[in-house]
Amino acid sequence: MMSDQVSSESSRVQVNLAGLTKNDYRGNPSTLCQGCGHNSIASQIIAACYELNIVPENVVKFSGIGCSSKSPFYFLNRSFGFNGLHGRMPSLATGALFGDISLRGIGVSGDGDTASIGLGQFKHIIRRNVPLTYIIENNGVYGLTKGQFSATADEGLVLKKQGTNPYLPVDIAWEALVGHATFVARSFAGDPKQVKELIKAALSHRGIAVLDIISPCVTFNNQDGAMHSYSWGKEHEVALHELAYVPPAKEIMVDYEDGQIKEVTMHDGSMVLLKKLDLDYDPTSRTEAMRVLEDANAKQWLITGLIYVDQKPPALTELYNLPQEALNRLDASRIRPPRETIDQLNAMMF
Amino acid sequence: MDKGLTSIYTQSDIPVKQPPVINDFSITIATVNGSGSQTANLTLLRALFRMGIPVSGKNIFPSNIQGMPTWYTLRLSDAGFLARRQVHEVVVAMNPATFVSDLADVTSGGAFFYDDSIKVPIDRQDIAIYPMPIKQLVREAGTPSSLRDYIANMVYVGIVAQIIGIDTDKIWQALEFQFKGKEKAIDLNWGMVKAAVDWASVNLKKADRYFARQSNKTDGFIMADGNTAAALGSLYGGMHFCAWYPITPATSLAETVNEYVPVFRKDPVTGKNTCVVVQAEDELAAVGMIVGAGYAGLRAMTSTSGPGISLMTEYVGLAYFAEVPIVLWDVQRVGPSTGLPTRTSQGDLKQIYFMGHGDTRQIMLLPGSVTECFEFGWRAFDIADQYQTPVFVLSDLDFGMNQWMTRPFQYPDTPINRGKILWEEDLERRAVEAANGKGVSWGRYLDVDGDGIPYRTVPGNRHPAAAYFARGTGHDEYGRYSESAEVWERNMKRLKKKVDGAVLNLPEPVVKRMDGAEIGFLAFGSTDDAIMEAIHMLTQRGQKIDYMRLRALPSPSQVGEFIQQHQRTYVIELNRDGQLRQILSVEFPDLAAKMVSLAHLDGMPLSAEWLVDAFLAEEVQ
């Protein structure tokens, strides 16, 4: 189904419909730990953008501070990027995305960055429905400062130097949902195919798309039994559905039995096909989404997939009656009122 | 008492022995805040202005919505001295809670108007007393009960106008302006004013010597407040993006931007807006948004006050280091902490000058009039873009929230300067040149011109080599992460060189000299009126003074020269520690001993009387 699976033996360099090779989507070599979940997510961002034929110059990357926030340097070198302040990537992205509203935003944050200092900005970027794919690489610990509990660490988690975590965790997907996020997904870095399909869907979303991706920290929090570990994720992942992203104007080639497929049409005309698994799940119902999250918590499931989506609300940048051209390219004569207005202006004073 | 008086009111019988005082006195109106007195006070202010009388209005108000005392002082001065005075010739007492002290404040020979429902004995024989039957007149006017409290203030407008001699046509014009031509509101207020005028003409006899007379000294001036000027200046500066969070006294700045975007920044052809305003969740986000917008090639501004500046510190440090142009208006109020949020101050100088951890250097513009608030409103963007760095504009509550008689706003006299931005064709040309061995390929932080100012690209530039990764971490000339000692040092020195260069292009100080002056006054901002008046007063005593008004920091060398040229230079400012003097002592350490601090601390605008006293006290020593 996917173009990168075709003719992998071919000797000529494979290009996508944008005429670009996968190399055009790469970043600098990662300096994160070997096996870090974040590296896997970076690879899936590259793959998703390549497969969606996105021109890298049409993307802007944002991040805050922490291991996760370093990762935008490891993908899409040809995209602009801004590594901002701890917990304050959302405000940075909000302002920057007005520069040229034809650009797509990808924000990468971590659980320390989003769920602690950044919780306020996280809730407010959601409220404003900023057109941003907001990925939280969630591992339950502070990596760069060497292994302290983060706000998403489970109560009772035992870490070598820290002892036992006495506090309750922040649930990022829940917070997004409660805040009226228009796209909420949860995934697991150990399930790269799902991560990739969800990123594609997120990039086709009209407003804010929150992806809470459990991304194990192999150095500080990957012991068996830890909720953010690879082994726990593998044993406890319960996918809501099997996802397949279908680009706009492409015939649906996937062969599913009747009644097994739920189609979600995205704002750009693309479609996300959700193949029913054990649960009969409707991601367009907010109440359902809340129920399934609560249920999963009670059953100790790592529920993954597209939890909630609503394509109708306009994105922030659609609310300002802005011109077609990018604001940052407007000629000086379009942004300074003409000379003759100054008398009118003075007459408006007393 | 005249036989003609039909009312039961008694007036003091002091005859008008002394010569009349025309257009040279103050009127202080004491009211309860939230009662709508601001409209009445502005009406008086504007009517006087329309009479051609130079006038200022200063609102001394509480941090409260309703029920606390507030004072509004109008100063009339044909000579054009409009600073706050500490003498009150005419007092209007509408607030029972402050009645006793308001009565005591009237200068001997002055006039006292009061709401006659306030039953406090009046024991002054040396002033003219004018009782005002506010309740009765409001009732007789048939005002709906829901509006009575608001309309009551128009009674004192009418009575004061009748006794002082304010032209009622001008009052009508002021009301028409205030209510933007809405007939119902104008009629309601005008009816009350007229009834009060009529009542006073029959029932009160002029018993004081203060008169407003038609003059011609306001030609070529407008009335405006500093926040409005700043907002409009920003819109004329091509601002694309404004993010803000409400805070007194800066709130009306962003609100005014919002109000005027549809007037001045809606494209007449397409009907599309070219300026975005976002009310942020706090100042941390407001500054984050403008840093994002500035990075993305937008002219971005936020407006705030001291506490907001504190919250913005970290992002400003990043903007300085990542070289993002942003503009920040600080409408200063009294700190530290919440301080006196409705009083004026120049207390954020030190904080902004040194803002950010590590070595930083922030550019500050210091407007000294409302029309300069407009000018610096647009100019700040040119400086920020040219030097790719944060630019602060320091106004204060006195400018921001009070109406000032000021010169009309001038259309920008220089074209918009976006600084060194490269688009696709620029990059392509450079790439070709580099390939031919001419010049170097583009690097975000490469100092090509030797002025420390690199070339930048902005998101949306589709050239494959346009992108770079902005960051707060160490980076080399190509924006790549670096922990190299040499790279770090080189970059930090370039940043210093860049801002040093900017200092030479900031608005220059304004200097007024006298032959043979050995004393210098050095100041900035809203104190200008009081300083000019104090110099006038001191000149009459034979004192000669040169006066330099700073318009930006860091200071250029002529500031040091000015200090050097004088035996003593008095640094005049509104704070406790003499922050400008401290900064100048850092900039010109050899001259520190030649500077004397005259710092006015109490949250009130500077008065000439205070300055003269403070100066003379220092000179005696």
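## Salt bridges and the A–B interface

A:Glu318 and A:Arg206 join their side chains in a salt bridge, with N to O at 2.6 Å; the term means a side-chain nitrogen of Lys or Arg within 4 Å of a carboxyl oxygen of Asp or Glu. A:Glu318 sits in the loop between β15 (302-309) and α10 (332-335) of chain A, and A:Arg206 in the loop between α7 (192-203) and β10 (209-214) of chain A, so the pair ties together parts that are 112 residues apart in sequence. Helices (H or I, at least four residues) and strands (E, at least two) are DSSP runs, numbered from the N terminus.

This is a predicted model, in which local features need pLDDT of at least 70 and side-chain atom pairs count only at pLDDT 80 or more, while totals for chains, interfaces and linings use all residues. Residues are numbered from 1 along each chain as its sequence is written, chains are lettered from A and ligands numbered from 1 in the order in which they are written, and side-chain values use heavy atoms, leaving out hydrogens and water.

**Salt bridges within the chains**

- Over all chains, the count comes to 48 salt bridges.
- A:Glu318 is partly exposed, at 39% relative accessible area (buried is under 20%, exposed over 50%, partly exposed in between, with a 1.4 Å probe and protein chains only).
- In chain B, B:Arg85 and B:Glu89 form a salt bridge with their closest N and O atoms 2.7 Å apart, and both residues are buried.
- B:Lys420 pairs with B:Asp449 in another salt bridge, the closest N and O atoms being 2.7 Å apart.
- B:Lys420 lies in the loop between β17 (403-406) and α15 (424-435) of chain B and B:Asp449 in the loop between α15 and β18 (469-471) of chain B, so this pair ties together parts that are 29 residues apart in sequence.
- B:Lys420 is buried, with a relative accessible area of 14%, whereas B:Asp449 is partly exposed at 40%.
- A network of salt bridges links B:Arg299, B:Asp382, B:Asp385, B:Arg418 and B:Arg456.

**Where the chains meet**

- Chain B places 77 residues in contact with 54 residues of chain A (heavy atoms within 4.5 Å).
- About 5800 Å² is buried between the two chains, with carbon and sulfur atoms giving 63%; buried area is the accessible area (1.4 Å probe) that two parts lose on being put together, summed over both.
- In chain B, B:Tyr411, B:Arg462 and B:Phe469 lose the most area to chain A, together 13% of what that side buries.
- The interface holds 5 salt bridges.
- A:Asp100 forms a salt bridge with B:Arg462, the closest N and O atoms being 2.7 Å apart.
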